[in-house]
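This report describes selected features of one protein chain.

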Amino acid sequence: MTDEKLIVLAKQAQENAYAPYSHFRVGAALLGRSGRVYTGCNVENASYGAAVCGERTAVYKAISEGERDFARIAVASSSGEITYPCGICLQVLAEFSPEIEVLLSNGREVQKYKLSELLPHPFIKEDIK
Ligand code: THU
């Protein structure tokens, strides 16, 4: 799976975003170590706090299908700018794949990060005593 293809899949997933409140549409494509790709979009709700981001939708789809180890995630949004995943999504990614690469695209440029660059100090299992 190339970076370019993963970004295309994220952009396609963005089309399914349910964002009638923010009008900010996000798509994500998560590549599992198995080679399978799980896509996700943000899903908002009239009770605003019930919204879930595109990245977490993809992760939760994957976990529920039995995959827990991920190589890369691509994220696209309707903003025309690079969209950095929110702190909660970074924390959720860190739970499963601290080494994951994060690809961010605005349609003109792609930025590539290690998760540890975006979230250098995740809260992890070992912190719970
Ligand atoms: N959102 C995402 O889906 N991913 C991000 O990385 C940032 C924010 C969504 C949540 C909400 O539906 C909308 O964007 C505005 O915050």
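With which residue does Glu 65 form a salt bridge? The partner is Arg 36, and the closest N and O atoms are 3.0 Å apart. Glu 65 lies in the loop between α2 and β3 and Arg 36 in the loop between β1 and β2, so this pair ties together parts that are 29 residues apart in sequence. The model discussed here is predicted.

## Salt bridges

The structure holds five salt bridges. Both members of the pair described above are partly exposed: Glu 65 has a relative accessible area of 47%, and Arg 36 one of 43%.

Asp 69 and Arg 33 also meet through their side chains in a salt bridge, at 3.9 Å from N to O. This pair links distant parts of the chain, with Asp 69 in the loop between α2 and β3 and Arg 33 in the loop between β1 and β2, 36 residues apart. Asp 69 is partly exposed at 38% relative accessible area, whereas Arg 33 is exposed at 52%.

A salt bridge of 3.8 Å, N to O, joins the side chains of Glu 101 and Lys 112. Glu 101 belongs to strand β4 and Lys 112 to strand β5, 11 residues apart. Each is partly exposed, Glu 101 at 30% relative accessibility and Lys 112 with a relative accessible area of 44%. These two residues belong to a network of salt bridges that also includes Asp 3 and Arg 72.

## Helix α1

Helix α1 covers residues 3-14 and has 12 residues. From its first C-alpha to its last it reaches 17 Å, close to the 16 Å expected.

The buried residues of α1 are Asp 3, Leu 6, Ile 7, Leu 9, Ala 10, Ala 13 and Gln 14. They cover an arc of only 160° around the axis, which puts them on the same side of α1. The buried residues of the helix pack against β1, β2, β3, β4 and β5.

## Val 59 in helix α2

Val 59 is placed in helix α2, residues 54-64. This valine is buried, with a relative accessible area of 2%. Beyond its neighbours within four places in sequence, Val 59 is in contact with Leu 30, Val 92, Leu 93 and Phe 96. Its C-alpha atom is separated by 8.4 Å from that of Thr 39, 20 residues apart along the chain.

## Nonpolar surface patch

Tyr 18, Tyr 21, Val 43 and Tyr 48 make a nonpolar surface patch of about 440 Å². Tyr 48 is located in the loop between β2 and α2 and is exposed, with a relative accessible area of 62%.

Note on methods: Residues are numbered from 1 along each chain as its sequence is written. This is a predicted model: local features need pLDDT of at least 70, side-chain atom pairs count only at pLDDT 80 or more; totals for chains, interfaces and linings use all residues. Side-chain values use heavy atoms; hydrogens and water are left out. Helices (H or I, at least four residues) and strands (E, at least two) are DSSP runs, numbered from the N terminus. Buried means under 20% relative accessible area, exposed over 50%, partly exposed in between (1.4 Å probe, protein chains only). Contact means heavy atoms within 4.5 Å. The expected span of a helix is 1.5 Å times one less than its number of residues. The arc is that of the directions from the helix axis to the C-beta atoms. Patches are made of residues with over 30% relative accessible area and no salt bridge: like charges are joined within 9 Å, nonpolar side chains (Val, Leu, Ile, Met, Phe, Trp, Tyr) within 5 Å. Accessible areas come from the Shrake-Rupley method with a 1.4 Å probe; for residues, only the protein chains shown count as cover. A salt bridge is a side-chain nitrogen of Lys or Arg within 4 Å of a carboxyl oxygen of Asp or Glu.
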